[in-house]
Amino acid sequence: MYNGITTQTVRQNIGQIKEAIRITRGFRLDHLKHLEDTLNHFGDHKQFAMATSIKEFLIFYNHPHTELYCDLCANYNAKVSNVRELPNFHDILLFDVALDDYFITCTSDEEKLQYYPIFLWWRITRIIPMRPVEFYSLSRDCTMKDDEDRYWMIVPRRKNLSSRPGKLAVTDTIQVNREVFELIEDYKRLTLAYATESSYLISYKAYRKYVKLKSKEITREKIGASQFINMIDRFYDEIVTAKYGDLERIKPGDTRHFAFCNMMLQGFNMLTIARMGGHSQLETQLHYHKHLDHFAQSFVHHAAQMLRMKRVNLWRSNWDVATQGIIAKSRIYQISDFQETHKVEHGFCTDHPSRCQVGDCRFCEFYFFSPEDKQKGLAWLKDCSDALESRLKEQLELIRYVTKSTNYDCATLTYQHTSQERLSSASNELRRLMDQKAMVDSYLLEDEL
């Protein structure tokens, strides 16, 4: 009950144990092969479920052949993940660039209105882990400002009464920043003419204005999944593909995963994430941990690419990543371009060493990589990059460990403050390591460019 296991699941587990007892005649040693043959005829999901039920039962029952049967079941321990594979990180970044560029260059309200729902979705649901249906169902008056100049959003979520032990009461009121509030107010201004026809924020009438359908128009109060996916596809077809080629397309539900990963990497605890994401159980979010390593590694790799490409002026000047100092160099410099230079390991310091606050030149914005022996210089950088890779993995494991081992009280919505401090410290260190590795790797990308 505490873990939220339903009676249907319990009945299914018991059924699988009974089936295994029947096949093996009570787990006889000479019937081990019969169980293996049976499992091999099942699909992946049933193999995993039945093997897990058998192992748990035999460990509990302490059967004399437990070890042999558990060894067999261990061959079927690869659970088929239900977590979607996220799009290529590079393609995500290019979509972000294309969307920003489109709205920066819009010359009329009509032009903005055509794709404004995508802009809202991208800005809001990467921060607040909302389900697509929750975004489509936002009411027109979903935001408010209180007497203390704080901004709030009401997310349409199904509330529960938290009747089961360990079950969270879902929150529907979330604090947002001023930017989100003003974006929504701007969209409401643009759709004012349709305000009387629907109580929902995202206007179906405004959507239909830009879509030509052969079939007779169906009267709707709000857009749904098919309409929103159609809008995203049109944006790719008409805007993104022409400039960046055929990219892997982002789906409406992907941003919820981005938001969870971002929150985890920023040091939010499980209780806060669950309440923000509308989870009634803390454990629900754990399967998102699958994406953390990929998310962190992808960020580092592409941040390094941007840093390096920025030096040859291939990317726009205001790209937003944490390590802004090194990006400021808009072209590849020659050492003669600097007024002040001091010889350091495999390069030069373009500031005075007495003012150094970094310690390691490879992480400093004033470092100019110019080795006398290129191979030795690159090996020096590679050693540092490999060491940072190991420390990144250790830090991610620490974040997972602290996250899972923190004591949470779902009834009072409280958690250990000492564990939160450890989590915040670990996430700060992770971001520092990610920035350092991006800087170091940007030099190693020299040959790729």
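Predicted model: local features only at pLDDT ≥ 70, side-chain atom pairs only at ≥ 80, totals over all residues.
Leaving aside its neighbours within four places in sequence, which residues is Arg28 in contact with? Residues are numbered from 1 along each chain as its sequence is written, and side-chain values use heavy atoms, with hydrogens and water left out.

Back to Arg28: its contacts of this kind are His65 and Tyr69, contact being heavy atoms within 4.5 Å. You'll find Arg28 in the loop between α1 (7-24) and α2 (32-40); helices here are DSSP runs of H or I with at least four residues, strands are E runs of at least two, and both are numbered from the N terminus. Arg28 has 41% relative accessibility, so it counts as partly exposed (buried is under 20% relative accessible area, exposed over 50%, partly exposed in between, with a 1.4 Å probe and protein chains only).

| Pair | Kind of distance | Value |
|---|---|---|
| Arg28 and His65 | C-alpha to C-alpha | 7.7 Å |
| Arg28 and Asp30 | side-chain polar contact | 2.9 Å |

A polar contact is a pair of N or O atoms within 3.5 Å; within protein, one must be able to donate a hydrogen and the other to accept it, and residues adjacent in sequence count only if both atoms are side-chain atoms.

Now for the sheet. Three strands form an open sheet in the order β4-β5-β6, paired antiparallel (strands pair if DSSP finds at least two bridges between them). β4 (342-344) and β6 (367-369) are at the edges with a single partner strand each, so one side of each has no neighbour in the sheet. Between β4 and β5 (residues 347-349) there are three bridges, and Val344 sits opposite Gly347 in β5.
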